[in-house]
Structure formats: structure tokens, C-alpha cells
Amino acid sequence: MSLIEGLIEVGGLTVRYGGRTALDAVSFSVPEGAVYALLGRNGAGKSSLVRCLLGAQRPAAGTARLLGRDSWRERAPVLRDVGVVSEEPDAPPAMTVRQIARFCSRLYPRWDAAGLEERLRRFGVPSDVPFGRLSKGQRGQVALSLALAPVPRLVILDDPTLGLDPLARRAVFEELIVDLADRGTTVFLTSHDLAGVEGIADHVGVLREGRLVLDEDLESVKQRFRRIRFPAAAGESGALPGLDELAPVAVASRNWGVEAVVTRWNEERTAPRGAEVSALTLEEIFLAVVDPAAGERP
């Protein structure tokens, strides 16, 4: 995919803090209408990348472009069409939700006041309560409602469900699904809630120590990753039949045999004799990608 085709275009993005490289020549593109989930362990570089996307940090090299504009050089016009939910939603604690909404409405050329009120109603968040008196989950729901109210072409969410209880997390993802269905909004999010991400994302990227090690359509990722369990007898000769050609990323010995996670499976293949093949969740795939040395090859 050409970089010029995306609402988000990242090319060779590099961020350094002193002698430490937080992002190392990262490139990817997010097309209009997509839901792109960027995953990574703490310290992998996700927050640095989000800051570059929002024009809050100047990269050491490379570019970050939103809606065809350079985020660093044209931050103000870019953000008029971008909704943002930060990791820690923040607003003047003494202002009520209604007062915050009235203030924000003056900053955007389009503002869906009725849609905002409807979202707050679905979330069960009162409009006349000061922001500082809301629960953490309610503050996150207000932040999402405010981010969607300007009818943005693109929404960027930096771990929007961090620290929320299961019900609040589900409400956030359900609201995103509603907005995606109604408007086809493009979404870029980072998250530790992989189960929630799996329900809405159509593309996934994985950062490992500042490098983008996976950037692919989610369905194709789930189709080519498999867990294969070989019985103990299969590895008695020291070699496991057909394993190398499947490009394993993690292999571990168990008391019943050997378990491997492979990355080159397809539906035309047949399981090695005596082996059991099963699909993986996004969380299991993520763990295999970010920690390929988790298993020790026999």
C-alpha cells in the first residue's frame, strides 16, 4: 500500500531520548475507514508514536502525516478533523460535562450536540456533574463522547480503556462499533485490552523495542498463525516433522511433548502426523510476536 493513500501516513519515523532509540524507522499507513490497532509492551514506543502523530513531539527523523498534512508543521489545522482520547482523560475538574461540551463546541467547524447528548445518555453520565467528581470510567466515556462530537474523519485513542472495569471497557468498544457502523470513522488506537481490540480492529501493528515487527490485516494474521502440539514420540529423533517450513516463532518442551507457534500456516496444509493444530487469539499471537524466545527449542 502506498503511503499517500492513508489518512495516517508514517514514514521512517525515528524518536530518540538521549542515547536511547524509542522508535526505529517505523513506517505504516492507515487507509480511510480502517480500524488500526497498534500493540506493544510498555516501553515499546507506542506513546512516542502517538505524540508524533498529534504533533506534540518532533521526531529525530521521518514524517508523521494526518489527513495529508505534516503533524508537526500543521498541527492546528490537522486536529480540527481529528478526535483524540488520551490515556488519562483530563479537563477542568470544576466544570460540568455540559460546560466542557459548550466550550469545546466553539473550537470545531462541525459539532453534533444531539449525538453527544445521546452518547452521554447511553453511557449513563450526568451532564450537570463536575468532571472531577466523575469516576475514572465516566471520565473516559466523556472523553470519547467529546472526541466523536466534532464528527471527525479520524479518531486516535491512546489506550482508552486503561484502568476501566469490564463494564466500562465494553461500553467504550460498543460505542466505537456504533460510530463505525453509522459513519465509517477511521480509528487508530493503542490498547492493552486485546480481547476488545480483536472485536473491532481490521488491521494490527506490533511494536517491539521501537521496531514495527508486524503490520498486517488482522484476518490474514489469524489465518497464518497456529499452535501445533506434537506428542512426545514425534520429537524422539531430535527433529519435528515439517516444523521448519512453517516458520516457528516459539517452541517449548512440555511434559506431554512439544508445543510450537508457527507463522506460515495456510488452510491448504495438513497437520503433521500425530500433531494437533489449533487457532490462536490475538492475545496469544501478540505474546508470541513480542517474546519470540518464550519457548526453548529442543
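**Note on the predicted model: sheet, helices and cores**

1. Arg 208 has Arg 211 of β10 as its bridge partner. This is a predicted model. Strands β9 and β10 run antiparallel and are joined by six bridges. Two residues sit between the strands of this hairpin.

2. The loop residue Glu 209. Glu 209 lies in the loop between β9 and β10. Its phi is near 50 degrees, a positive value in a residue other than glycine. Is Glu 209 buried or exposed? Glu 209 is exposed, because its relative accessible area is 70% and the exposed class starts over 50%.

3. Leu 67 is found in the loop between β4 (61-66) and β5 (69-70). Leu 67 counts as buried, at 18% relative accessibility. The cut-off for buried is under 20%.

4. The sheet. Which strands form the open sheet, and in what order? There are six, ordered β6-β7-β8-β3-β9-β10, with mixed pairing. The edges are β6 (82-85) and β10 (211-217), each of which pairs on one side only. From one strand to the next, the twist averages 15 degrees.

5. The β3-β8 pair. Strand β3 (residues 35-40) pairs with strand β8 (residues 186-190) in the parallel sense. Four bridges make up this pairing. Val 35 stands opposite Val 187 in β8.

6. Helices on the sheet. Helix α1 (residues 46-53) packs on the sheet. It touches β3, β7 (154-158), β8 and β9 (203-208). The direction of α1 makes about 145 degrees with that of β8. Helix α5 lies across β6 and β7. Relative to β6, α5 runs at about 175 degrees.

7. The buried side of α3. Which residues of helix α3 (residues 97-105) are buried? They are Val 97, Ile 100, Ala 101 and Cys 104. These residues are on the same side of α3 because they cover an arc of only 100 degrees around the axis. Their cover includes α4 (113-123) and α5 (136-148).

8. Ser 145. This serine has its place in helix α5. Ser 145 is buried, with a relative accessible area of 0%. Leaving aside neighbours within four places in sequence, Ser 145 is in contact with Leu 116, Arg 119, Leu 120 and Phe 123.

9. The largest nonpolar core. How many residues does the largest nonpolar core have? It has 53. Those with the most contacts inside it are Leu 39, Val 142, Leu 144, Leu 157 and Leu 189. In soluble globular proteins, nonpolar side chains tend to be buried together.

10. Around Leu 39. Residues up to four places away in sequence are not counted here. What does Leu 39 touch? Its contacts include Lys 46, Ser 191 and Leu 194. They also include Val 204, Gly 205, Val 206 and Leu 207. Leu 282 and Phe 286 are on the list as well.

11. Gly 257. This glycine is found in strand β13 (residues 257-262). Gly 257 is buried, with a relative accessible area of 7%. Not counting residues up to four places away in sequence, Gly 257 touches Phe 230, Pro 231, Ala 232 and Ala 252.

12. Cysteines. A disulfide is a covalent bond between the sulfur atoms of two cysteines. How many disulfides does the count come to? The count comes to zero, by the rule that the sulfur atoms must be within 2.5 Å. Cys 52 is buried, with a relative accessible area of 3%. Cys 104 is buried too, at 17%.

Methods
Residues numbered from 1 in each chain as written. Predicted model: local features only at pLDDT ≥ 70, side-chain atom pairs only at ≥ 80, totals over all residues. Heavy atoms only, no water. Buried < 20%, exposed > 50% of the residue type's maximum accessible area, 1.4 Å probe, protein only. Arc of directions from axis to C-beta. Contact = heavy atoms within 4.5 Å. Pairing = 2+ DSSP bridges. Axes fitted to C-alpha atoms, helices over the stretch in contact; angles between N-to-C directions. Core = buried A, V, L, I, M, F, W, Y, C linked by side-chain atoms within 4.5 Å.
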